[in-house]
Amino acid sequence: MAELDLILGVVIGIFLSLGVDLLKEILVKKYTFWRGKKETKIQIKEDLKAFITMLFEMWENYKISCIIYKDFKEDLKTQLKEIIDFYTRRAKDLEKVLIIKIRKTSLEFLELANTSEPNWFEIIKPEGEKLCNEYREIVQDL
């Protein structure tokens, strides 16, 4: 009888040990996945902040000296397209309200940048200022 109890105890111990190891492995994988997803979201927000900040800094620098940026209009369009492309690829990782606000602001700004008037900057400047302020709010929300 004692031998049977000993064998039963060993078998139960082995199964408990395997169960604990399996549970530990599952929990570690879940935590690692969650942590990786959280870090990815933080990195996406930081990258998006950098894209947007660069855009309104370009805008401010061009206001000060139009001579510095020979191809400002094309650079502005490129930066806007990069913002649109960036958040579109990562849309699932950001809040829906934020995505909508970024999309709206970016498309409005892109439409302004496509103005074909010779003195296009002076024409779009007031609206561009408003959109830069919206971008600043977005950066604060990120």
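A residue is called buried here if its relative accessible area is under 20%, exposed if over 50% and partly exposed in between, with a 1.4 Å probe and protein chains only. The model is predicted, so local features need pLDDT of at least 70 and side-chain atom pairs count only at pLDDT 80 or more, whereas totals for chains, interfaces and linings use all residues. Residues are numbered from 1 along each chain as its sequence is written, and side-chain values use heavy atoms, with hydrogens and water left out.

Begin by selecting residues 120–141, which make up helix α4; helices are DSSP runs of H or I with at least four residues, numbered from the N terminus. Helix α4 has 22 residues and spans 30 Å from its first C-alpha to its last, close to the 32 Å expected at 1.5 Å a residue, where the expected span is 1.5 Å times one less than the number of residues. Centre the view on Pro126, where α4 has a kink of about 50°, the bend being the angle between axes fitted to the seven residues ending at a residue and the seven starting there. Then colour the buried residues of α4, among them Trp120, Leu131, Cys132, Tyr135 and Ile138.

Next, select Phe109 and Tyr135, which touch the most other members of the largest nonpolar core, a set of 32 residues. Such a core consists of buried Ala, Val, Leu, Ile, Met, Phe, Trp, Tyr and Cys residues joined through side-chain atoms within 4.5 Å. Leaving aside neighbours within four places in sequence, Phe109 is in contact (heavy atoms within 4.5 Å) with residues including Leu55, Trp59, Leu76, Gly128 and Tyr135.

Now show the rings of Trp59, Phe109 and Tyr135, which form one aromatic cluster. Rings of Phe, Tyr and Trp (its six-membered ring) pair if their centres lie within 6.5 Å, and planes under 30 degrees apart count as stacked, over 60 as edge-to-face and the rest as tilted. The count by this rule is two aromatic pairs. The rings of Trp59 and Phe109 have centres 5.4 Å apart and planes at 80°, so this pair is edge-to-face. Because Trp59 lies in helix α1 and Phe109 in helix α3, the pair ties together parts 50 residues apart in sequence. The rings of Phe109 and Tyr135 have centres 6.1 Å apart and planes at 25°, so that pair is stacked.

Finally, select Thr105 in helix α3, which is buried with a relative accessible area of 0%. Its side chain reaches the backbone oxygen of Lys101 at 2.9 Å. Not counting residues up to four places away in sequence, Thr105 touches Leu131, Glu134, Tyr135 and Ile138.

Terms used:
Helices (H or I, at least four residues) and strands (E, at least two) are DSSP runs, numbered from the N terminus. A polar contact is a pair of N or O atoms within 3.5 Å; within protein, one must be able to donate a hydrogen and the other to accept it, and residues adjacent in sequence count only if both atoms are side-chain atoms.
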